[in-house]
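Subject: Structure handover

Hello,

Here is the structure for your files. My notes follow below it.

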Amino acid sequence: MLPLVSQGEMRDPTQPLYPKAAVTAEPGKMIDDTPVLSAVWISPTSKRATLNGVTAKEGQTILNSIKIMCIRQNQVTIKQNNVTKTLQLVQRTTQPPLMLTDE
């Protein structure tokens, strides 16, 4: 018997797992400046992180005010408006599908 999945649990695999935290009113200007870390890529030659839908490397400034200070496996340290913050990469957890029985 196949597990039953409701329509609400299905998602478009081409869309990001986490919604963007900021809405852009016009290029380069954000309405909500809350930084959200959604991905980290680390290779032997490069470190990159995606915040609010923008991918950058250490030392770069993105969205006019967020400087990427340090990229680690599950966290990124940024400086925004002269305040240093550490953002954690949130791991998506899933629950096993519910199994329906004939009882």
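Start with the pair formed by strand 7 (residues 66-71) and strand 8 (residues 75-80): 5 bridges join these two antiparallel strands. Strands here are DSSP runs (E, at least two residues), numbered from the N terminus. Two strands pair if DSSP finds at least two bridges between them. Across this pair, isoleucine 68 faces isoleucine 78 of strand 8.

Some ground rules. This is a predicted model, in which local features need pLDDT of at least 70 and side-chain atom pairs count only at pLDDT 80 or more, while totals for chains, interfaces and linings use all residues. Residues are numbered from 1 along each chain as its sequence is written, and side-chain values use heavy atoms, with hydrogens and water left out.

**Overall**

The protein has 0 helices and 9 strands. Helices would be DSSP runs of H or I with at least four residues. Read from the N terminus, the elements go β-β-β-β-β-β-β-β-β. There are 103 residues, and 19% of them count as buried. Buried means under 20% relative accessible area, exposed means over 50%, and partly exposed lies in between (1.4 Å probe, protein chains only). Among contacts with a separation of 6 or more, 32% come from residues 24 or more positions apart. Contact means heavy atoms within 4.5 Å.

Strand 4 (residues 47-51) is joined to strand 5 by 4 bridges, and the two run antiparallel. One partner to check is lysine 57 in strand 5, which bridges to arginine 48.

**Residues to look at**

Alanine 56 sits in strand 5. This alanine 56 is buried, at 1% relative accessible area. Beyond its neighbours within four places in sequence, alanine 56 is in contact with Lys47, Arg48, Ala49, Ile62, Ile68 and Ile71. Valine 40 is 16 residues away from alanine 56 in sequence, and their C-alpha atoms are 9.8 Å apart.

Glutamine 80 is in strand 8. Glutamine 80 is buried too, with a relative accessible area of 3%. Its side chain makes a polar contact of 3.1 Å with that of lysine 85. A polar contact is a pair of N or O atoms within 3.5 Å; within protein, one must be able to donate a hydrogen and the other to accept it, and residues adjacent in sequence count only if both atoms are side-chain atoms.

Then the backbone angles. Most residues other than glycine have a negative phi. Asparagine 64 has a positive phi of about 65°. Asparagine 64 lies in the loop between strand 6 and strand 7, and is exposed at 62% relative accessible area. Asparagine 82 also has a positive phi of about 65°. Asparagine 82 lies in the loop between strand 8 and strand 9, and is exposed at 70%.

Best regards
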